Amino acid sequence: MLTNAASYSGLRPPTATVCHASALTSHPIVPLHRHRPLGLARRRTNPRVYRPLVDLSTMEERHIILRYRLDRATIHELCAQLEPALMSPIRQPTGIPPLVQVLSVLHFLASGSFQTTVAMSSGMSQPMFSKILSRVLSALMKLMRSYIIFPEEGDLPTVKGDFYALGHIPNIIGAIDGTHVALVPPKDDEQVYRNRKNYHSMNVQVVCLADQYISHVNAKFPGSVHDAYVMRNSSIPYVMEQLQRQRVWLIGDSGYPNLPWLLTPVRNPRTRAEERYNEAHGRTRRIIERTFGLLKARFRCLHMTGGSLMYSPKKVCHIIVACCMLHNLALRRQVPFLQEDGADGGVEAAVEPAESEEEEDSEDDTDNRDRVIEQYFQ
């Protein structure tokens with residue numbers, strides 16, 4: 001038996017040899033192929049596959065409306081409109097179908113839940129849902145003028161007739177008022193967002209029709225701003241001045257000034273005619289309070305029970321406008337407002353009490369209102 005190196009004479013040397021430093025100058029270096037350890041094998045880059053937790057085709061229609069505030073057909077119609085924007089290759093949420101994106105955002109708006117809760121119920125991470133929320137809101141904003149439309153001249157006779165049926169005041173084409181949506185304010189401007197009820201909010205101006213359709217919304221101003229200031233700095237004065245040859249009016253509470261196109265109640269009625277006018281004014285203007293009630297009951301993220309929206313004021317504005325758009329879509333598609341059996345607080349609970357802050361500067365033009373009282377309420 002061979003036991004030492006001398007015994008290997010005449011045989012091929014082993015393949016694993018050691019190169020001495022003196023040999024490096026005369027022989028080329030042959031690189032050794034290093035193999036990746038088994039535990040560090042290269043990971044395959046398989047495409048991400050999203051497995052949805054919600055199948056709309058298997059859900060009952062009632063449950064769909066309760067959860068998303070729209071029926072099955074309306075959701076598919078909305079998804080078809082938003083799909084081109086949601087399928088854009090730029091920053092696309094990988095693997096999330098457009099329908100699932102829309103459903104998750106509808107659930108968030110309807111429930112007012114935290115992002116984490118909505119994300120878990122949709123089978124995605126919270127950061128992914130945050131991206132989807134911004135993406136769907138951005139897509140909706142591009143369609144705003146198709147969903148929120150002020151009456152055109154050809155629509156005015158029907159609009160005036162619907163309002164006349166409410167309180168017997170002629171030529172009304174809209175009820176205007178402001179409502180507050182709570183938010184967590186920016187630290188630098190905290191006081192600007194504190195409203196007269198001592199919580200932080202956005203002051204949202206809305207004009208509605210007699211069927212509770214929202215024809216105008218302005219959600220850009222913080223809660224400390226007066227309703228009349230919001231109105232002056234919106235598009236409403238320009239729009240109504242263009243319609244003055246039609247002799248039409250909006251109706252508002254005592255927080256607004258009397259204008260040639262805006263009727264407010266008489267603060268201290270002295271005659272029976274003024275009292276009858278105030279009664280008719282109240283019956284007509286109540287439609288805006290019911291509109292706010294339905295809007296906030298349908299989309300709990302806007303109601304105080306849903307907590308304060310923890311987003312930037314700009315994003316809160318987009319959320320508010322999106323809810324108004326979806327509210328109009330539900331009305332036009334005649335989707336009923338449903339509530340869970342035994343749940344507390346429906347539309348009536350969401351109606352805010354009529355409470356207005358009187359206008360500080362006196363720019364009232366009461367001549368127009370006096371003519372209305374004299375002509376129709378004597």
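Mentor: A crossing of two helices is right-handed if the near helix is turned clockwise from the far one by less than a right angle, and left-handed if anticlockwise. Before we use that, note that this is a predicted model, where local features need pLDDT of at least 70 and side-chain atom pairs count only at pLDDT 80 or more, while totals for chains, interfaces and linings use all residues. Residues are numbered from 1 along each chain as its sequence is written, and side-chain values use heavy atoms, with hydrogens and water left out.

Trainee: Which hand does the crossing of α3 and α4 have?

Mentor: α3 passes α4 in a right-handed crossing. Helices here are DSSP runs (H or I, at least four residues), numbered from the N terminus.

Trainee: Why is α3 called oblique to α4?

Mentor: The axes of α3 (residues 98-111) and α4 (residues 115-122) come within 10 Å and cross at roughly 140°. Axes are lines fitted to C-alpha atoms over the stretch in contact, and angles run from 0 to 180 degrees between N-to-C directions. Under 35 degrees is roughly parallel, over 145 roughly antiparallel, 65 to 115 roughly perpendicular, and the rest oblique. That angle makes α3 oblique to α4. On the α3 side, Ser104, His107, Phe108 and Ser111 make the contact, and on the α4 side Gln115, Val118, Ser121 and Ser122; contact means heavy atoms within 4.5 Å.

Trainee: What makes α4 and α5 roughly perpendicular?

Mentor: The axes of α4 and α5 (residues 126-141) come within 9 Å and cross at roughly 100°, so the two helices are roughly perpendicular to each other. Gln115, Thr116, Val118 and Ala119 of α4 meet Gln126, Phe129, Ser130 and Leu133 of α5.

Trainee: How do you know that Val321 is buried?

Mentor: Buried means under 20% relative accessible area, exposed over 50%, and partly exposed in between (1.4 Å probe, protein chains only). Val321 has 5% relative accessibility, so Val321 counts as buried. This residue lies in helix α11 (residues 313-332). Leaving aside neighbours within four places in sequence, Val321 is in contact with Met141, Met144, Ile148 and Val217. The C-alpha atoms of Val321 and Asn218 are separated by 8.1 Å, though these residues are 103 residues apart along the chain.

Trainee: And what makes Cys79 and Cys208 buried?

Mentor: Cys79 counts as buried because its relative accessibility is 7%, and Cys208 is buried because its relative accessible area is 0%.

Trainee: How many disulfides does a search of the whole structure find?

Mentor: The search finds 0 disulfides, a disulfide being a pair of cysteine sulfur atoms within 2.5 Å.
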